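Please look over the sequence and the structure below before reading on.

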Amino acid sequence: MGVLSVLQPTAKAAEALGRVMDPRKVPAALGGLASSEAAQLLARENPRMAIRLIAAWLSTREAVWWGALCLTQVRKSNADIGSADALRRVVAWVAAPEAPNAEALAGDAEGLMPTALLARAVLLTRDNISPAKIE
């Protein structure tokens, strides 16, 4: 899996949405718009897609961080998101994306709980988004 770099709000909405959904399903009316214009339109008409669009601007590492922040908030409502220790290990990896921190997540990446999915995301991208690996 390649590194997803940060997209600017001026990037085409089709490019951004193509990161988070099937590119063939990007609404034609949005495809040619800048992402920031599309986000404003979607905020009124389809807030869920607006959130997905904005999330697509993030780099891979930022996306994992945002996922961790969201799970932390959901956990405060006593929702079962999976292992709190796994979430702490994901946060440790975001802070220091080094092999030992990624390897610590190996046992956390099984199942369909949100923390397991986030741990799996780290394991699938660990060699790509470490700043030490970027040339």
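## Terms and source

Two residues are said to be in contact when heavy atoms of theirs lie within 4.5 Å. The structure is a predicted model, in which local features need pLDDT of at least 70 and side-chain atom pairs count only at pLDDT 80 or more, while totals for chains, interfaces and linings use all residues. Residues are numbered from 1 along each chain as its sequence is written, and side-chain values use heavy atoms, with hydrogens and water left out.

## The chain as a whole

The protein chain has 8 helices and 0 strands, where helices (H or I, at least four residues) and strands (E, at least two) are DSSP runs numbered from the N terminus. Along its principal axes, the C-alpha trace of the chain spans about 45 × 40 × 20 Å. Among the contacts of the protein chain with a separation of 6 or more, 49% are between residues 24 or more positions apart.

Of the 135 residues in the protein chain, 33% are buried; buried means under 20% relative accessible area, exposed means over 50%, and partly exposed lies in between, with a 1.4 Å probe and protein chains only. The chain carries 15 positive and 13 negative side chains, and the centres of these two sets lie 5 Å apart. In this count Lys and Arg are positive and Asp and Glu negative, while His and the chain ends are not counted, and the place of a charge is taken as NZ of Lys, CZ of Arg, CG of Asp or CD of Glu.

## Two nonpolar cores

A nonpolar core is a set of buried Ala, Val, Leu, Ile, Met, Phe, Trp, Tyr and Cys residues joined through side-chain atoms within 4.5 Å. The largest one has 16 residues, of which Ala16, Leu17, Leu30, Leu42, Met49 and Leu53 touch the most other members. Helix H1 (13–20), helix H3 (35–45) and helix H4 (47–55) each supply at least two residues of this core. A second, separate core has 14 residues, including Val94, Ala102, Leu105 and Ala109.

Which residues does Leu53 contact, leaving aside its neighbours within four places in sequence? They are Ala13, Ala16, Leu17, Ser35, Ala38, Ala39 and Leu42.

## The loop between H7 and H8

Asp108 lies in the loop that runs between helix H7 (99–103) and helix H8 (114–129), and Asp108 counts as buried because its relative accessibility is 15%. The side chains of Asp108 and Arg89 are joined by a polar contact of 2.6 Å, a term for a pair of N or O atoms within 3.5 Å; within protein, one must be able to donate a hydrogen and the other to accept it, and residues adjacent in sequence count only if both atoms are side-chain atoms. Not counting residues up to four places away in sequence, Asp108 touches Ala86, Arg89, Thr115, Ala116 and Ala119.

Ala104 is also found in the loop between H7 and H8, and with a relative accessible area of 41% Ala104 is partly exposed.

Arg75 is found in helix H5 and, at 40% relative accessibility, counts as partly exposed. Leaving aside its neighbours within four places in sequence, Arg75 is in contact with Ile81 and Ala84.

Asn78 is found in the loop between helix H5 (60–76) and helix H6 (84–95), and Asn78 is exposed, with a relative accessible area of 73%. Although Asn78 is not a glycine, it has a positive phi of about 70 degrees. Most residues other than glycine have a negative phi.
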